[in-house]
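I am opening a notebook on a structure that is new to me. I want to write down what I look up, entry by entry, with the rule behind each term.

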Amino acid sequence: MTNLIQPPVKVKLSEIQASQAPMQSSGPNLLKNKYIGGFMKSKWYPGIIQWPTLLIFMMIMFELLLGPSAAHDNFGTALTWVLWWPIIPILFLFLGRFWCAICPFATINDLVQKFAGNNRPVPKFLKKYGIWIIDALFIFITWSDHVWGIVENPVGSGILLMTLTTGVVASGAFFERRTFCRYVCFLGGLSGNYARNGMLELRGTPEICATCTVAACYKGTDKAQACPLFEFPKTMTSSANCNICGSCAKNCPNDSIQLTLRPPSKELWFIRKPKLEEAFLSAVIMGIVFVQNVTMLKAWPPMLTWLENAVGTTSYYVTFSIAFLISMLIPISLLGLTSLVAQKFNGETLLQNFTRFGYALIVLDMAGHMAHNLFHLLAEGKSVIFTGLAFFGQGVGHGLSTALMDPGMIQLLQFGLVGLGFAGSLYTAYRIAKANYAPEKLWGTFVPYAVLMVVLGFINVWMFVLPMAMRM
Amino acid sequence: MKRFAHKVALLFTSILLLSLALPISALADGGTGGNEFTQTVNGYQVTLIFEKPASVGENQIHVVVKDGQSMPVSQADLEVSVVEAQAEHVEAQTTVETGTMSGMDAQPTAVAGTMSGMSAQPTTEVGTMSGMSAQPTAEIGTMTSTSEQPTGHDQMGMVALTAGHESGEYEGQVSIESDGDQILRVHLTVAGKLMEVDFPLHVAKSKTGAIVLSSFFAVDIVLIAAAVVMKRKSVSVDLSKKA
């Protein structure tokens, strides 16, 4: 199943400039390693990981929808929200968007496409508004998780997964390649943003690609499918839409593809064409981390009661929506306010500053996200074992602690992560300022964003100081 | 060889899609035998009535309390909670730590002095006569601190029942979050004395999951079928043009 060959796609090579950036990593090409390169270029990759993942996904789906109705007894819930969800940002950091190469939804997309695919071009509105759609979906799913209890309710989790399945079935049935993954999937949007901060970078070799007229990486050959996420390594300057599937490496007749390691956040220092929707998404992710943390605090019920009294209704839809909106608005408005100050020093507009420096938040986003999920992974981790044993008919676990680690140690790790994220965001803001402004404007631009990072870092630390309740 | 691989892949896809629909047949088990249960404690006859068979989710219940002379008791305070039978069994002797498997969002257990001879079925030992807010172990109705609690639920998942239409009748809504064996515990206070009555229940497995699965499966099949039809149409148009 590795050769899901796509029909040829017209590529106007005249439009493609050999624009490999100065930020290209110069580390050793991992594809030259006989083990890594051999594996990635073999017909077994990524199928050998993809198919078992699909089987596990099917098991999870059945367990969620047909298994125990209580989340704390459901193996599917534990695997999804205690194991997979906390691990996924760690994967993004070390392996970029690799998860998308083995994602079961993508596999279903490819399967449906192979047998029923119409391979129509991506609708223009998706190309134009894709990230905004992802932004909206991400916000909606987070909101609905809280008001309808997706995580706490196995059937709710099942509905979410089945909705995504239907999305990829529709996409695979009618549209080319992985349209859904690139333009609609909320996790794809998240992983795209995080992959920019990731440590893996796949690019074409500029000197080789400059003379290439085949574009086999983009079009596909009988060796492997075309790039499923519509990337063209010749002009790629970002890892946001590279899932390290290895297709380009298999297809390239000139052995141009390089896979290198890079320091985290390096790509963010030189974003050539920053996009407002991507910067907005990074602020939204920060807001989502705030929401997830706030609603787990033991101080949340009193806050909710206060809100109920303030607005005069006990409707959770209303009170949570207000709290949600406030949490979202905090990072967005703080970024906006900082951009307003920065524009006085660098002469660019508020929107230009917002767009450019929004990317600097990604590092802290990722750290906050990982720190939050660390709590689930380490404080509830044994629930995976207990529910797993129960799934196989072994009734142990009731009454036993689910913690893998002492709460104090977890908190220490959380502070460490947020500290690293803060430092990373601070440095990224500095590098963005340095790369885009003359020396006399550098500090005037950087200092307001440094203050912003301090404020956001402080909010993150403060939330991890407060006692938290478990959700599972 | 390629055609064979194609057929194998097609077969696998069919099995994959079919397997999504199969478990529908492995659905709900029995459920409660009836909607009405009666227990006697200290001479009081307590009858629990479910308006509909107990199921996962919100359940409207009525509790009728009568004294030894079968006269309705109208001046009682009633609270109910739902306890997972298995968790109850395990937690009889120990205080629950934060983050245990049974009710991972940590409901602290209250284990204190006994109420001598107060309860016909003393499943958990309750606090002293004053401060009777017996903190139940592993409340099923309070899975998370984030979910909305219906009116009448307190912080610990206890639901206070209100007086019903008839004398000695009390009613309210109780949330059951798990299927399988459960215990509905009635905390009955008459003339300052607290009694607990346990009603073992077997809650039927919800059909919601199977309905969701089959609905999505049907939509997916329709989408694939539509795509196949449209694909064939486009091929036939091309052929006619060529001809």
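The entries below go from ground rules to strands, core, helices and aromatic rings.

**Ground rules.** I note that this is a predicted model, in which local features need pLDDT of at least 70 and side-chain atom pairs count only at pLDDT 80 or more, while totals for chains, interfaces and linings use all residues. Residues are numbered from 1 along each chain as its sequence is written, chains are lettered from A and ligands numbered from 1 in the order in which they are written, and side-chain values use heavy atoms, with hydrogens and water left out.

**Chain B in outline.** I began with the elements, where helices (H or I, at least four residues) and strands (E, at least two) are DSSP runs numbered from the N terminus. Chain B has three helices and nine strands, and along the sequence they follow the pattern α-β-β-β-β-α-β-β-β-β-β-α. I then looked up burial, for which buried means under 20% relative accessible area, exposed over 50% and partly exposed in between, with a 1.4 Å probe and protein chains only. Of the 243 residues of chain B, 44% count as buried. For contacts (heavy atoms within 4.5 Å), I found that residues 24 or more positions apart account for 62% of those in chain B with a separation of 6 or more.

**A sheet in chain B.** Two strands pair if DSSP finds at least two bridges between them. By that rule I could follow an open sheet of four strands in chain B, in the order β5-β4-β8-β9 and with antiparallel pairing. Its edge strands are β5 (159–160) and β9 (193–203), each of which pairs on one side only. Strand β4 (residues 77–84) of chain B runs antiparallel to β5(B), to which two bridges join it, and Glu79(B) has Ala160(B) in β5(B) as its bridge partner.

**Strand β1 of chain A.** Is this strand buried or exposed? Five of the five residues of β1 (residues 200–204) are buried, so the strand is largely enclosed by the rest of the structure. In a regular strand the side chains alternate between the two faces of the sheet, and I checked both sides here: Leu200(A), Leu202(A) and Gly204(A) are buried on one, Glu201(A) and Arg203(A) on the other. β1(A) pairs with strand β2 (residues 257–261) of chain A in the antiparallel sense over five bridges, and Arg203(A) stands opposite Gln258(A) in β2(A).

**The nonpolar core.** I used this term for a set of buried Ala, Val, Leu, Ile, Met, Phe, Trp, Tyr and Cys residues joined through side-chain atoms within 4.5 Å. The largest core has 143 residues, of which Leu65(A), Leu190(A), Ile244(A), Leu259(A) and Phe320(A) touch the most other members. Helix α18 (residues 361–379) of chain A gives the largest share of this core, twelve residues. Apart from its neighbours within four places in sequence, Ile244(A) is in contact with Met40(A), Tyr45(A), Leu95(A), Phe98(A), Leu200(A) and Leu259(A). A second, separate core of 28 residues includes Leu184(B), Met195(B), Phe199(B) and Leu201(B).

α5(A) is mostly covered, with twelve of its 13 residues buried. Next I looked up Thr142(A), which has its place in helix α6 (residues 124–148) and counts as buried at 4% relative accessibility. Thr142(A) and Val291(A) are 149 residues apart in sequence but 8.6 Å apart in space, C-alpha to C-alpha.

**Aromatic rings.** Rings of Phe, Tyr and Trp (its six-membered ring) pair if their centres lie within 6.5 Å, and planes under 30 degrees apart count as stacked, over 60 as edge-to-face and the rest as tilted. The count comes to 29 aromatic pairs over all chains. The rings of Trp269(A) and Tyr427(A) have centres 5.3 Å apart and planes at 85°, so this pair is edge-to-face. Trp269(A) lies in helix α13 (residues 266–269) and Tyr427(A) in helix α20 (residues 407–436), so the pair ties together parts that are 158 residues apart in sequence. Trp269(A) counts as buried at 9% relative accessibility, whereas Tyr427(A) is partly exposed at 38%.
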